[in-house]
Amino acid sequence: MLGLRWLVSLLLLQIFCFRTAITLFGSEANLMSKSKIEKIIGSGSYGVVYKGRHVDLGCVAIKVQKIDTVEELRLANVEVDILQSLSHENILHYYDHQTIPIDLKRSHFYICTELMDFDLSALIRSRRIEQSVLRSLSKQLLYAVQYIHRQNILHLDIKPGNILVSREG
């Protein structure tokens with residue numbers, strides 16, 4: 001049975017509670033020293049997502065965002081704060097993050113999460129969705145939306161490309 005994990009990303013969220021954006025950096029020798037980027041699996045206006053391999057976690061997704069301003073860094077850290085605060089079976093699991101300076105003004109921000117098999121848009125394009133699978137995915141999506149709403153978070157861009165699916169369930 002296919003299972004759904006819903007990607008919760010800062011750039012797709014509106015926060016209706018006032019949270020303190022705490023800068024939470026992973027240790028310098030943590031994430032990227034234990035990870036190897038293998039291939040691009042997606043990209044958007046806010047970064048590139050790679051399939052990677054982590055020494056302890058195995059296959060992972062690594063989002064790489066180029067940070068040019070203090071505000072971009074603040075927003076990236078808020079995204080991490082949100083991901084760390086969420087714990088639900090239908091929401092993508094956050095593992096770690098790290099900031100690595102490029103030069104005095106710029107850096108790369110890495111976020112490591114569980115790796116999913118594909119997004120819902122790929123499943124729709126395959127045209128092989130049985131009604132029972134569609135019902136199951138819809139139910140899981142509604143559970144995820146209900147959970148984040150209870151956390152005072154509203155997702156502003158629910159679309160098939162932002163809904164990640166696993167083969168396992």
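Me: Which helix holds Glu71 and Arg74, and how far apart are they in turns?
Reply: They sit three residues apart in helix α1, so about one helical turn separates Glu71 from Arg74. Bear in mind that this is a predicted model.

Me: What do their side chains do?
Reply: The side chains of Glu71 and Arg74 meet in a salt bridge, at 2.8 Å from N to O. As background, an α-helix has 3.6 residues a turn, so residues three or four places apart point the same way.

Me: Glu71 and Arg74: buried, partly exposed or exposed?
Reply: Glu71 is partly exposed, with a relative accessible area of 39%. Arg74 counts as partly exposed too, at 38% relative accessibility.

Me: How many salt bridges are there in total?
Reply: The count comes to seven salt bridges. One of them joins the side chains of Arg106 and Asp103, at 2.8 Å from N to O. Arg106 is partly exposed at 31% relative accessibility, and Asp103 is partly exposed with a relative accessible area of 35%.

Me: What about Arg167, which residue does it form a salt bridge with?
Reply: Arg167 forms one with Asp117, and their closest N and O atoms are 3.5 Å apart. Arg167 lies in the segment after β10 (163–166), while Asp117 is in the loop between β7 (107–114) and β8 (118–119), so the pair ties together parts that are 50 residues apart in sequence.

Me: And the accessibility of Arg167 and Asp117, what is it?
Reply: Arg167 has 52% relative accessibility, so it counts as exposed, the cut-off being over 50%. Asp117 is at 35%, so that residue counts as partly exposed.

Me: Back to α1. What span should the helix have, and what do its end C-alpha atoms give?
Reply: Helix α1 covers residues 70–85, which is 16 residues, and at 1.5 Å a residue that should span 22 Å. Its end C-alpha atoms are 23 Å apart, which agrees.

Me: Which residues of α1 are buried?
Reply: Ala76, Asn77, Val78, Glu79, Val80, Asp81, Ile82 and Leu83.

Me: OK, switching to the strands. What is the order in the five-stranded sheet?
Reply: The order is β3-β4-β5-β7-β6, in an open sheet with antiparallel pairing. The edge strands are β3 (35–44) and β6 (94–101), each pairing on one side only. Neighbouring strands of this sheet are turned by 25° against each other on average, direction ignored.

Me: How do strands of a sheet pair in general?
Reply: Through backbone hydrogen bonds, either parallel or antiparallel.

Me: How many bridges between β3 and β4?
Reply: Eight, in the antiparallel sense. β3 and β4 form a hairpin with two residues between them.

Me: How many helices and strands does the chain have, and in what order?
Reply: There are three helices and ten strands. From the N terminus on, the elements run β-β-β-β-β-α-β-β-β-α-α-β-β.

Me: What percentage of the chain counts as buried?
Reply: 43% of the 169 residues.

Me: Last topic, cysteines. How many disulfides?
Reply: The count comes to zero disulfides. As for accessibility, Cys59 counts as partly exposed at 30%, whereas Cys112 counts as buried at 0%.

Methods
Residues are numbered from 1 along each chain as its sequence is written. This is a predicted model: local features need pLDDT of at least 70, side-chain atom pairs count only at pLDDT 80 or more; totals for chains, interfaces and linings use all residues. Side-chain values use heavy atoms; hydrogens and water are left out. A disulfide is a pair of cysteine sulfur atoms within 2.5 Å. Buried means under 20% relative accessible area, exposed over 50%, partly exposed in between (1.4 Å probe, protein chains only). Two strands pair if DSSP finds at least two bridges between them. Helices (H or I, at least four residues) and strands (E, at least two) are DSSP runs, numbered from the N terminus. Axes are lines fitted to C-alpha atoms, for helices over the stretch in contact, and angles run from 0 to 180 degrees between N-to-C directions. The expected span of a helix is 1.5 Å times one less than its number of residues. A salt bridge is a side-chain nitrogen of Lys or Arg within 4 Å of a carboxyl oxygen of Asp or Glu.
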